[in-house]
Amino acid sequence: MGLAGARHARAAPLTSKERPLNLEIVARFPSGAPVVKDYLAGAPAAAPFYAGSWSDPASFETKAAEVDGRFGPDERRRAAEAVRPHDEAGRARLERFVEEGGYMVTTGQQPGLFTGPLYSIYKGLTAVCLAAELEAHLGKPVIPVFWVGSEDHDWAECNHTFVLDAENRLHKVEVADPAGDSRRPIHRIELGAELTEALDAFASMLPETDFSEEALDVLRRAYEPGRTLGRGFRETVDALLGPMGLMTTESSDRVVKEVSGPVLWDALERSVEHEAVLSETTALLGAAGYQPQVAVLAEAVNLFLEGPGGRERLYRDGAGFRLHTSEEQRSLDEIRAEVTADPYALSPNVFLRPVVESSVFPTLSYVAGPGELAYFAQLERYFALQDIRMPVVYPRIAYTLVEAKVGKVLKKHGLDVDALAEPFHEVAAAFAREEVPDDVRRALGALRGAVGQGSAQLLEAARPIDPTLKGPVQAARNASLAAFADAEKKILQSVKRQSEIALGQLEKAQKNLFPEGRPQERCLNVFQYLVRYGDALLPALAERARELVRMKGMEVTSAEEECTRNFGPCSGRSSSFSS
């Protein structure tokens, strides 16, 4: 039963096409740093730092051939063991994936409370639709996979989410680390009653609708006391996007750790070479005029080892290694002994993680946010060092959800979404300038023109009398212009006072689109919208994703049919959160 039928028995809920969303969905590919802008635009300067073009089918074909050279049936079987399918249909697809030599499109994120910001869900949706597109083109199963970064130790980045209440007040809901500031990996931290308390607080800020009960039940099942943030995140993503075919894994998954072990040891034993390659690429980026996203630290190994200071970065130190936080020393043999006793103690850093993923999964493409797109520019030679071709990096779709109340305000004042991206005082000033009557604006312009023209004429006439009169004339002109500027400010202030209602509406609209000055997708939680729009929302977002995920030259006529058959209700049908 879908969200619309959660509270009491009723007629079957309308599908997403029969029940139109009272919501405008603005969808586009995000921008980013200069190297990202150039990569997305296909600029030659950025091309050497990436593996082909994200919009060229030939790039994916080349990557597929490279994957086939590294992954046979046994390797694909192990990859299948590392992911969680949503249902029996997913398990059957994994069998086809192994038997037919399929591929994967991956994306990922460290776990956020109750899925964290909206862009986590947008990554998954982009991966689902890109996988469908590639499957239709290549004629082999392509599985979308969400990698949950549960080895991350930045608790403060993962332990919260934001929600707007009925009064448009932004609230941060968070859970405290029960062990304090331990810097332990997220997958080590089991939570108790604090999860229930956070969920109750979160639910209290959401409106009661026909969809509330089932939406919140998803969270109650996923975030039961005794769970970690990683598991709660993974199970929620599975509940929301699993019916579309998305599968999930965790960086702390047993199979992932087993398969990636040789990659981690290589990074430890060849750390000098690894650092040299990354440093060379970073220098080349700088020479090309691009600012590197991630610093390459001298003597740093691209690994973390759990020690007295939590998850600690390893550094070379003489013949051995040093833990960054606790400053403790370790020999190579001592590290081997610790990892033999606890295989989860060693984990990759931001540079090595993508390589680990491509060693475990036959990844054609990684769906990346703007920051990830930037740091992938540092990795093309790093992948090659380990005999892997870097995946084709694909930009995740950026959405803005414009609810009807917000859309009315924008339409009334002739504004688009981006008009509210600036700080509100700038938005208000621009609005007031637009509201100044035309005759006032013309009069101010005429006065300034007259002062400028008259002072020029006076200066020309007075010069033969006394050249030193230039200073007093210019001072008089400047004083007059300053007085008119002051008068204009007072006029704008009066316009603002008369437009308080309109400015209040704009301010509320801005809080929905750019809460705390950030894009909506980087702050608000998806359940804020799921309780309002139910099971029609995600298929509608997927519909927009498929419109964007079209590549020139691809045979895509069957992509929509493939998406529906293989990934469930991507559009046109109602997906159930309880599936």
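Student: How much space lies in the largest pocket?

Tutor: Rolling a probe the size of a water molecule over the atoms shows where empty space is left. In this predicted model, the largest pocket holds about 930 Å³ of space.

Student: Which residues lie nearest the centre of the largest pocket?

Tutor: The lining comprises 38 residues, and those nearest the centre are Gln110, Asp152, Glu157, Val350 and Tyr375. By class, the lining of this pocket has 15 nonpolar, eleven polar and twelve charged residues.

Student: Which element supplies the largest share of the lining of the largest pocket?

Tutor: That share, four residues, comes from α14. At least two lining residues each are supplied by β2 (103–109), α5 (118–138), α11 (271–287), β7 (300–307), β8 (310–317) and α14 (370–376).

Student: What is the order of the strands in the open sheet of five strands?

Tutor: Strands of a sheet pair through backbone hydrogen bonds, either parallel or antiparallel. Here the order is β10-β9-β8-β7-β11, and the pairing is antiparallel. The edges are formed by β10 (329–330) and β11 (346–348), each of which pairs on one side only.

Student: How many bridges pair β8 with strand β9?

Tutor: Four bridges link β8 to β9 (residues 320–323), in the antiparallel sense. As an example of how to read such a pairing, Arg316 has Phe321 of β9 as its bridge partner.

Student: Which strands does α11 lie across?

Tutor: Helix α11 lies across β7 and β8, and it runs at about 130° to β7. Both of these strands, like α11, also contribute at least two residues each to the lining of the largest pocket.

Student: Turning to β2, is Met104 buried or exposed?

Tutor: Met104 is found in strand β2. Its relative accessible area is 0%, so Met104 is buried. Its contacts beyond four places in sequence include Ala79, Val83, Phe97, Val142 and Ile143, and among the others are Phe361, Pro362, Thr363, Leu364 and Ser365.

Student: How many residues apart along the chain are Met104 and Tyr366?

Tutor: They are 262 residues apart along the chain, and their C-alpha atoms are separated by 9.0 Å. For the protein chain as a whole, among contacts with a separation of 6 or more, 77% are between residues 24 or more positions apart.

Student: What is the volume of the second largest pocket, and which strand gives the largest share of its lining?

Tutor: The volume is about 320 Å³. Strand β14 (residues 398–403) gives the largest share of the lining, three residues. There are 18 lining residues, of which Arg28, Pro30, Ala398, Pro519 and Glu521 lie nearest the centre. The lining divides into ten nonpolar, four polar and four charged residues.

Student: Why is β14 described as largely enclosed by the rest of the structure?

Tutor: Six of the six residues of β14 are buried, so the strand is largely enclosed. In a regular strand the side chains alternate between the two faces of the sheet. In β14, Ala398, Thr400 and Val402 are buried on one side, and Tyr399, Leu401 and Glu403 are buried on the other.

Student: How many bridges join strand β1 to β14?

Tutor: Six bridges join β1 (residues 23–28) to β14, and the two strands run antiparallel. Within this pairing, Glu24 stands opposite Val402.

Student: How many helices and strands does the protein chain have?

Tutor: The secondary structure comes to 23 helices and 14 strands. Of the 579 residues in the chain, 54% are buried.

How values were computed. Residues numbered from 1 in each chain as written. Predicted model: local features only at pLDDT ≥ 70, side-chain atom pairs only at ≥ 80, totals over all residues. Heavy atoms only, no water. 1 Å grid on protein atoms, 1.4 Å probe; cavity = no way out; pocket = protein on both sides within 12 Å on 5 of 7 lines; lining within 4 Å. Points joined across faces, edges and corners; volume = space filled by probe spheres on them. Nonpolar A, V, L, I, M, F, W, Y, C, P; charged D, E, K, R; others polar. Pairing = 2+ DSSP bridges. Contact = heavy atoms within 4.5 Å. Axes fitted to C-alpha atoms, helices over the stretch in contact; angles between N-to-C directions. Buried < 20%, exposed > 50% of the residue type's maximum accessible area, 1.4 Å probe, protein only.
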